[in-house]
Amino acid sequence: MRVIKLPAGLQKIGDGAFVRCQRLISIEIPNTVNDLGSGAFANCSSLEKVTLSDGIETIRMNTFRQSGIKSIVLNSNIKSIKEGAFRECDSLESVTINGVETIEDQAFLNCGNFKLIFNCPPPKILGENIFTGSSPIIQ
């Protein structure tokens, strides 16, 4: 399982659904998905590319923690990034934010250097240590 295109009609990806799926490189989530579970892609060290559904409003706790994700675009429908969502994603190169309203504690903890691109007003920061161990270049 290296590249996955999930079927249209799928509405939910459960908590930990792909956790530790070491061979997964890319996944495309259809627009019918409106719930992306906590830790869904945690520890997927080879995961580089994710195409998110327009139905997702929240990146839940630890969704991409310790994954190999390099860049991601958070569409305008995504309003919240929960605690630890991208924690320890040390391959992260860029995050584009188009409508996020809140970012919670440790969301980008230990992610190294990456571009953080805002195409919307800066979100409200909830908690501490959002960027501890990271050096985002804000654009």
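Student: Are Phe64 and Phe86 buried or exposed?

Tutor: Both Phe64 and Phe86 are buried. Keep in mind that this is a predicted model.

Start with the rings. Searching the whole structure gives six aromatic pairs. In one of them, Phe64 stacks with Phe86. Their centres are 5.3 Å apart, and the planes make an angle of 15°. That angle is under 30 degrees, the cut-off for a stacked pair.

Now place the two residues along the chain. Phe64 sits in the loop between strand E6 (58-59) and strand E7 (71-74). Phe86 sits in the loop between strand E8 (80-81) and strand E9 (94-97). The pair therefore ties together parts that are 22 residues apart in sequence.

Phe64 and Phe86 also belong to one aromatic cluster.

Next, the cysteines. The whole structure has zero disulfides. Take Cys21: its nearest cysteine sulfur belongs to Cys44, 5.5 Å away. A disulfide needs the sulfur atoms within 2.5 Å, and Cys21 is in no disulfide. Cys21 counts as buried, because its relative accessibility is 13%.

Cys120 is buried too, with a relative accessible area of 17%. The closest cysteine sulfur to that of Cys120 is in Cys111, 18 Å away. That is too far for a bond.

Note on methods: Residues numbered from 1 in each chain as written. Predicted model: local features only at pLDDT ≥ 70, side-chain atom pairs only at ≥ 80, totals over all residues. Heavy atoms only, no water. Phe/Tyr/Trp six-rings, centres within 6.5 Å; stacked < 30°, edge-to-face > 60°. Helix = DSSP H or I, 4+ residues; strand = E, 2+ residues; numbered from the N terminus. Buried < 20%, exposed > 50% of the residue type's maximum accessible area, 1.4 Å probe, protein only.
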